[in-house]
Amino acid sequence: MPALAVRELRKRYGKAEALRGVDLEVAGAELFGLLGPNGAGKSTLVKIACGLVRATGGTTTICGVPAGSHEARAAIGYLAELFRFPGWMSADEVLQLHQRLSGSERGAAERRELLELVGLADAAGRRVEAMSKGMQQRLGIAQALVGRPRLLLLDEPTSALDPAGRRTVRGLLEGLRERGIAVLLNSHLLSEIELVCDRVAILSAGEVVAAGTPAELARPRGVEIETASGTQLFEGARRDDAPRIVRELVAGGEEVFAVRVLSSTLEDVYLEAVGGDPS
Amino acid sequence: MSAVVTIAAYGLREALRRRVFAVVLLLTVGFLALFWLGNSYVFDHVADVVPPAGIDARTFAGAFVFGLAMFATLFLGVVLAIFLTLGVVEADAERGLLQPLVVRPVGRSVLLAARFLGAAVICVPYVLSVYFAALLITGLTGDWWPDRIVLPGLELAGGVLVVAALSLLGSVFLGSTANGIAVFMVFGAGLVAGLLGNIGHALNAEKLIRVAKIVAWAIPFEALYEDGLRGITEETSGLTGFLLRLGPFGGAESGGWALRAWSVAYLLLVLAAAVIAFGRRDL
């Protein structure tokens, strides 16, 4: 049973169509990346999945039950793109509040474990208002993990993090996969998605315009060979073609210094899919 | 049940943090001190007053100042109720505080009910405390006690709960500033309607009286306040009774059990509307 199944999902805000029949599936323990320019409908999709927004049409199920239902909400953890915790609460109190609301009975041990997981073990008693934006974002991830969710919905979870913080979160996400938790990661950071996600979907104007593993999406762009007479690009050539091309060049009297197999990056695929609009 | 307690406590700690209670406490202490001072002055001099024939000066003074205290109690209770509920949905959603709570397996109706109960748990004892403190001050300094002791206080508390429910409903659609202004204006409209009723009675203008009555029942906190005012001089008759029923800040009008039943139904209807509207809202 998929952790998240979205079928023909539609959402209309007045005359604007935010989602136009989106289909996607996130398997258990899968890290799924959602990419797309601003206004593509990524956040709307995530909000429908966690019951904050009502769909105009289509179905969304979480572990087999309709999104927004009590059972579905018990199965998810969610970190909003724009969220805040009361400044007067300590990190430990925030997690305690969410333990009570999610019905988690794992008490202080769970809170300690989660704070350690996000690198905030020393900040359990620190008030939210005394935390940096990055610390608050890590606390947000810890909050989303309260109650051992089966599906984690993260909307731009690393937007306020520095490179070290991003690396911590990447490691954390990989750890979640090992623990059997599925993750839907909505992010602008292509490199991050490419590094951690098993599969990716690119949304543009409310539609899925490309989907697959990062390797499936990346296409060969050719072989670049550095010779004495300059760098030559053999467009469309693949890795397997490289020995033959080198042999032909050497036979033709060229001196070969370096060979590079080029493939398109996720960024290239993304820009192509959204029509060059990187916003 | 534990989720209700958790959310209600969360709302109250938030209010504590925003110093809502500190402001209300300060205002209350100031009001009670001034009220005690005013009572002392009034009743020190009431023996010197030679009232027109048919008026009992002590009853008139006692009921009048206590009527004023009831208005102040209602006002302070309304301030507290509004500030505890005005930002429950829209304002908290705008600030990103609401979404992490709503996605938990609690239910939007439970969340809203818990925030209302949290406000009620504070407002009702507060209104009753101020009401009985004012009653004691008037009774001990002036040796005047209202005809009905408990019911008018309960009606004031009921009126405050009605305002809290309206503020909660408004919070589903409006940000805190707009909602605060809207609910205070509704409160003001109720008081103006009461004053218009007074003028209507004085001029014997039937239309004005009818308009005031319709408004008072449309926003029943006003009718409850009027019924409470009526209760404190229920057994006072003659010219004294007539003048007192004109009342300060709104006439004293009897609503009876029909009004009390309507107020409970109204409260439940407003809360149901808030739950339905919140359930349909995208966050």
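Let's start with chain A. Its domain assignment gives two entries: domain 1, residues 4-213, and domain 2, residues 220-263. Keep in mind that this is a predicted model. How far apart do the C-alpha centres of domain 1 and domain 2 of chain A lie? The answer is 44 Å.

Next, the contact between the chains. On chain A, 23 residues are in contact with chain B. On chain B, 20 residues are in contact with chain A. Which elements of chain A give two or more residues to the side that touches chain B? They are helix H2 (70-75), strand S6 (76-79) and helix H3 (91-102). H3(A) provides the largest share of that side, with five residues. Now the classes. The side of chain A that touches chain B has 13 nonpolar residues, six polar ones and four charged ones.

Now over to chain B, and a pair of helices. H9(B) covers residues 206-218, and H10(B) covers residues 221-232. Their axes come within 5 Å. They cross at roughly 110°. Angles of 65 to 115 degrees count as roughly perpendicular. So H9(B) and H10(B) are roughly perpendicular to each other.

Which residues meet there, between H9(B) and H10(B)? From H9(B), we have Val215(B), Ala216(B) and Trp217(B). From H10(B), we have Glu222(B), Ala223(B) and Glu226(B). By class, this contact of H9(B) with H10(B) has four nonpolar residues and two charged ones.

To recap: 44 Å between the domain centres in chain A, five residues from H3(A) on the side touching chain B, and a roughly perpendicular helix pair in chain B.

Notes: Residues are numbered from 1 along each chain as its sequence is written. Chains are lettered from A and ligands numbered from 1 in the order in which they are written. This is a predicted model: local features need pLDDT of at least 70, side-chain atom pairs count only at pLDDT 80 or more; totals for chains, interfaces and linings use all residues. Axes are lines fitted to C-alpha atoms, for helices over the stretch in contact, and angles run from 0 to 180 degrees between N-to-C directions. Helices (H or I, at least four residues) and strands (E, at least two) are DSSP runs, numbered from the N terminus. Angles under 35 degrees count as roughly parallel, over 145 as roughly antiparallel, 65 to 115 as roughly perpendicular and the rest as oblique. Two residues are in contact if their C-beta atoms, placed from the backbone, lie within 7 Å. Ala, Val, Leu, Ile, Met, Phe, Trp, Tyr, Cys and Pro count as nonpolar, Asp, Glu, Lys and Arg as charged, and the others, Gly among them, as polar. Domain bounds come from an automatic or database domain assignment.
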